[in-house]
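Please keep the model open as you read.

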Amino acid sequence: MLRSASHHKIQNLTTDMENVRNVIIIGSGCAGHTAALYTARANLKPLVLEGHEPGGQLSLTTLVENFPGFPEGIQGPELVENMRRQAGRFGAQYQLGHVSSVDLSSNPFTLHLGKERLYTRTLIIASGASARWLGLPAEQALIGHGVSSCATCDGFFFSGKEITVIGGGDSAMEEALFLTRFATKVTVIHRREQFRASKIMLDRARENDKISFLLNTVVEDVYDVSQKAVTGLKLRNVATNQVWDLPASAMFLGIGHIPNAKMFGDQLETDADGYLVTKNYVFTRVEGVYACGDVQDRRYRQAITAAGSGCMAALEVEKFLEARGT
Ligand code: NAP
């Protein structure tokens with residue numbers, strides 16, 4: 001009984017190993033699709049694992065006006081769908097599924113998707129970073145309708161309006177400052193009295209006449225789901241417990257991003273905030289494993305830079321496989 005079970009196991013493993021891929025790409029945002037396009041055109045038949053948020057952060061935004069090549073702008077979901085179709089035209093394959101863990105200790109690498117195992121000679125990690133949200137039901141319902149985590153993407157839509165920014169770090173200050181280009185008034189709402197933001201960013205925000213601060217304040221609710229638009233926030237002062245409504249046309253979250261790198265455990269190097277550390281743009285410490293896009297970029301975080309690094313990772317995969325004669 002035991003013998004036949006282990007025989008069966010070995011047989012399965014042999015079948016699995018026959019299905020070793022040249023390249024698997026984790027993530028289907030700008031970086032993942034671009035890596036897929038390049039590796040598909042190099043005839044490597046990439047497999048893209050789409051993850052929990054297919055399309056990545058672009059799929060959460062509306063009009064994208066800063067991706068070159070679209071003089072009138074393009075909707076984020078349409079842009080990312082175009083990228084997917086373009087890669088698909090050259091043979092990239094897509095599979096929905098979330099990678100729970102990986103084994104990078106030997107090549108081919110092993111990826112675990114629930115009970116399924118996938119094997120690959122090279123791996124491109126384009127798993128991105130997810131915006132941190134407050135977690136309120138109304139907030140989630142109004143994403144794209146006045147709730148946003150990207151000032152550069154959506155700020156323009158609130159020209160001449162009064163808007164709010166949540167957070168007390170550099171991202172919140174940067175968003176608030178950027179949004180003063182459009183808004184008549186920006187209120188930064190922060191849950192404490194002390195800021196995490198650097199002095200220089202905080203000073204800049206404080207010196208801007210359009211920016212005011214509400215400290216020790218948390219958001220309890222966002223109005224108004226029935227109108228499919230943000231009309232105001234229900235706020236609470238955590239020191240006094242006073243609750244009041246603040247009219248506003250938008251709520252921008254600047255409370256940080258969470259890089260999607262947990263699945264690699266300690267097999268790859270991460271910085272203090274969990275971003276993958278890369279050298280020479282896309283190299284991780286494991287040969288044959290490359291990282292691109294927001295999972296390794298805490299500085300630029302743009303669709304175009306993510307696409308650029310996806311291209312770099314794909315070109316390195318080609319070189320790696322070529323050198324090994326695969
Ligand atoms: P961060 O420094 O971690 O700040 C996040 C802020 O959001 C904190 O003030 C935090 O409040 C607040 N926050 C977190 N969860 C919250 C919640 N559930 N409800 C309400 N508030 C919440 O993140 P970041 O601002 O994105 O910055 C990340 C890194 O990138 C930092 O190292 C930063 O210096 C860097 N960065 C630099 C620049 C620049 O130099 N131009 C721009 C952007 C980012 P608490 O303070 O109470 O925890």
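The residues of the shell around the ligand divide into 3 nonpolar, 7 polar and 7 charged; here Ala, Val, Leu, Ile, Met, Phe, Trp, Tyr, Cys and Pro count as nonpolar, Asp, Glu, Lys and Arg as charged, and the others, Gly among them, as polar. This is a predicted model, in which local features need pLDDT of at least 70 and side-chain atom pairs count only at pLDDT 80 or more, while totals for chains, interfaces and linings use all residues. Residues are numbered from 1 along each chain as its sequence is written, and side-chain values use heavy atoms, with hydrogens and water left out.

Of the 17 residues around the ligand, the ones that come nearest are Asp 170, Ser 171, Arg 191, Arg 192 and Arg 196; a residue is near if one of its heavy atoms lies within 4 Å of the molecule. Helix 6 supplies the largest share of this shell, 3 residues. Helices (H or I, at least four residues) and strands (E, at least two) are DSSP runs, numbered from the N terminus.

| Protein side | Ligand side | Distance |
|---|---|---|
| Gly 169, polar backbone atom | oxygen atom | 3.4 Å |
| Arg 191, polar side-chain atom | oxygen atom | 2.8 Å |
| Arg 196, polar side-chain atom | oxygen atom | 2.7 Å |

Taken alone, the ligand exposes 910 Å², and the protein buries 71% of that; accessible areas come from the Shrake-Rupley method with a 1.4 Å probe.

What does helix 6 meet in helix 7? Asp 170, Met 173, Glu 174 and Leu 177 of helix 6 are in contact with Met 201, Leu 202, Arg 204 and Ala 205 of helix 7, contact meaning heavy atoms within 4.5 Å. By class, this contact has 5 nonpolar, no polar and 3 charged residues. The axes of helix 6 (residues 170-179) and helix 7 (residues 199-207) come within 9 Å and cross at roughly 35 degrees. Axes are lines fitted to C-alpha atoms over the stretch in contact, with angles running from 0 to 180 degrees between N-to-C directions.

Helix 2 (residues 30-41) packs against helix 8 (residues 303-323) at an angle of about 35 degrees, with the axes 7 Å apart. By class, the contact of helix 2 with helix 8 has 11 nonpolar, 3 polar and 1 charged residues.

Now for the backbone. Most residues other than glycine have a negative phi, and most peptide bonds are trans. The peptide bond from Asn 107 to Pro 108 is cis, with omega near 5 degrees, and Pro 108 sits in the loop between strand 6 (101-103) and strand 7 (109-113). The bond from Tyr 223 to Asp 224 is also cis, with omega near 10 degrees. Asn 216 has a positive phi, near 50 degrees.

Technical notes
A polar contact is a pair of N or O atoms within 3.5 Å; within protein, one must be able to donate a hydrogen and the other to accept it, and residues adjacent in sequence count only if both atoms are side-chain atoms.
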